[in-house]
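Subject: Structure handover

Hello,

Please find the structure below. My notes on what was found in it follow.

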Amino acid sequence: MDVFTHFSQQTQGRERLFRATQYTCMLLRYMLEPKAGKEKVVLKLKKLESSVSTGRKWFRLGNVVHAVQATQQSIHVTALVPRLCLTLANVNRVVYSVCDTILWVRSVGLASGINKEKWRVWAARHYYYSLLLSLLRDLYEISLQMDQVARDRAKKEKSQKLPGHSVADEETEWLQSFLLLLFQSLKTHPPLLLDTVKNLGDILNPLDQLGIYKSNPGIIGFGGLVSSIAGIIMVAYPQMKLKTH
């Protein structure tokens with residue numbers, strides 16, 4: 001199991017690099033397409049993007065096992081809300097990985113009778129559910145961090161006997177105070193910030209595929225690139241990966 005975990009981590013790192021390259025090509029292609037005289041560059045970027053996407057599929061073949069392991073681990077999380085969110089998210093990721101593998105089998109010609117569009121929609125749907133549940137977990141963790149920061153601030157103000165604000169001031173500065181509290185909460189917990197940014201970047205693609213929120217390749221490419229960079233950081237520095245006990 002340790003050997004597989006180490007290999008999986010290495011594979012994830014390579015897959016993230018390939019993913020970052022793919023979305024960089026998508027973003028650059030979108031930016032260069034409207035410009036005259038860039039047709040050859042755009043064509044090369046499109047071919048590179050397609051090649052990298054094909055290469056990524058080989059790295060994702062072991063994702064079913066990885067997702068099953070993550071599901072088994074999330075069942076033992078102590079806190080109820082993270083346990084439910086993570087377990088359901090990982091179950092959906094298992095289904096997504098199975099759909100993705102079936103699509104790969106069709107793409108290499110091992111089974112031509114597979115309905116590509118049907119399995120593609122199923123894959124996108126379960127990927128979307130997985131990311132949505134992961135974001136709910138992130139929001140829960142953010143609320144806990146904000147509550148802790150607010151308590152610490154209240155204790156500090158009480159100990160220093162700082163003057164309070166009027167009701168009018170509080171209403172006027174509510175949004176500013178909320179954003180400042182959110183910023184301080186994420187600043188003190190970088191793994192939470194990284195995980196939230198990663199999930200937000202990832203969810204743009206299934207939102208577009210399912211027709212929930214249509215985007216252009218530039219937005220999807222930018223979100224995918226940001227998400228890939230966040231994923232690379234998590235693989236390179238395991239302490240930056242969000243953990244729930």
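R19 is buried, at a relative accessible area of 5%; buried stands for under 20%, exposed for over 50% and partly exposed for in between, with a 1.4 Å probe and protein chains only. This is a predicted model, where local features need pLDDT of at least 70 and side-chain atom pairs count only at pLDDT 80 or more, while totals for chains, interfaces and linings use all residues. Residues are numbered from 1 along each chain as its sequence is written, and side-chain values use heavy atoms, with hydrogens and water left out.

Salt bridges

The term covers a side-chain nitrogen of Lys or Arg within 4 Å of a carboxyl oxygen of Asp or Glu. D202 belongs to helix α8 (residues 190-209) and R19 to helix α1 (residues 2-32), so the bridge links distant parts of the chain, 183 residues apart. Helices here are DSSP runs (H or I, at least four residues), numbered from the N terminus. D202 is buried as well, with a relative accessible area of 3%.

The structure has 7 salt bridges. In another of them, R29 meets E33 at 3.4 Å, N to O; R29 is buried at 13%, and E33 is partly exposed at 45%. R137 and E141 also form one, with their closest N and O atoms 3.9 Å apart. These two are 4 residues apart in helix α5, about one helical turn. R137 is buried at 6%, as is E141 at 13%. Through shared partners, salt bridges join R19, K198 and D202 into one network.

Aromatic pairs

Rings of Phe, Tyr and Trp (its six-membered ring) pair if their centres lie within 6.5 Å; planes under 30 degrees apart count as stacked, over 60 as edge-to-face and the rest as tilted. The count by this rule is 3. One of them is W119 with W122: the centres are 4.9 Å apart and the planes at 75°, so the pair is edge-to-face. Both residues lie in helix α5 (residues 116-160), 3 residues apart. W119 is buried at 19%, whereas W122 is partly exposed at 35%. Y128 and Y129 make a tilted pair, because their ring centres are 5.9 Å apart and their planes at 50°.

Helix α7

The buried residues of α7 are L181, S185 and L186. They fall within an arc of 125° seen down the axis, so they line one face of the helix; the arc is taken from the directions from the helix axis to the C-beta atoms. Q176, F183 and K187 are exposed on the other side of α7.

Regards
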